[in-house]
Amino acid sequence: MSSLNEKQILARSRAKRLPEVTKLNLWGSKLVDISLLQQVPNLQVLTLSSNNVGTLRHLTACTQLTELYIRKNSIESLDELQYLRGLLCLRVLWLADNPCTQDENYRLRTIASLPQLQRLDNVDIEDEERKEAAAAYSSRFLGTQSVSQMTEPTQNMFSASITASNNLLTAALCLLQELDPSSLQTIARAAQDQLNKTMARTTVTDSPVRQNVDTPSTRQEETA
């Protein structure tokens, strides 16, 4: 197994210390273990294409990352995207030619999971794609599975779901500042549609509850 080491990072980046590294090209380095990247917090552009990396878990500390190129590696599951959700500056992701991209809903799931992205696999993310992804996945990205059904990466992140939700909100607010009026109108309409649906579901859910509370006979039948 080939592991990334400090000497390799400093030689490729021409930096003197790991915290000084902002751009790093490790294309075709036969890497499997990239855990040392947890000590490179100021990394902004990272190229890992054509290696054998199987997990994104070691990128969580790279909070300044704006571009990630990781084509032709060994990322098996889209659950690995959970490790990128806290990277609020991430705008470009190139994940093509990994096993996980064989998922028929790969692009929409990725856009829903990482709303901060502007470009995926060298293709700009369109407003209609965002709307479709949000409608299909965002509201139930974690909710469709019980903890026991989740794969290991998702289980590890589930305990931090509240923090992840806050991060997503922050990413959404940052993204709003970069959109033009037309895009903002599209998001406003989608948000209003989602709000209407949520309120409608709440009304339906609340109705039988009020009936059970207000009707003693109903409560007695349920108890019996």
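Student: Hi! Where is D121 found?
Tutor: D121 sits in the loop between β5 (119-120) and β6. Helices (H or I, at least four residues) and strands (E, at least two) are DSSP runs, numbered from the N terminus. This is a predicted model, where local features need pLDDT of at least 70 and side-chain atom pairs count only at pLDDT 80 or more, while totals for chains, interfaces and linings use all residues. Residues are numbered from 1 along each chain as its sequence is written, and side-chain values use heavy atoms, with hydrogens and water left out.

Student: What's the phi of D121 like?
Tutor: Positive, about 55°, although D121 is not a glycine.

Student: And is D121 buried or exposed?
Tutor: D121 is buried, with a relative accessible area of 16%. Buried means under 20% relative accessible area, exposed over 50%, and partly exposed in between (1.4 Å probe, protein chains only).

Student: How about R14, where is that found?
Tutor: R14 lies in the loop between α1 (6-13) and β1. Its phi is near 60°, a positive value in a residue other than glycine. R14 is exposed, at 79% relative accessible area.

Student: Switching to the sheet: what's the strand order?
Tutor: The order is β1-β2-β3-β4-β5-β6, in an open sheet of 6 strands with mixed pairing. The edge strands, β1 (23-25) and β6 (123-124), each pair on one side only. Two strands pair if DSSP finds at least two bridges between them.

Student: In which sense do β3 and β4 pair?
Tutor: Parallel: β3 (residues 67-69) and β4 (residues 92-94) pair over 3 bridges.

Student: Which residue in β4 is the bridge partner of E67?
Tutor: That's V92.
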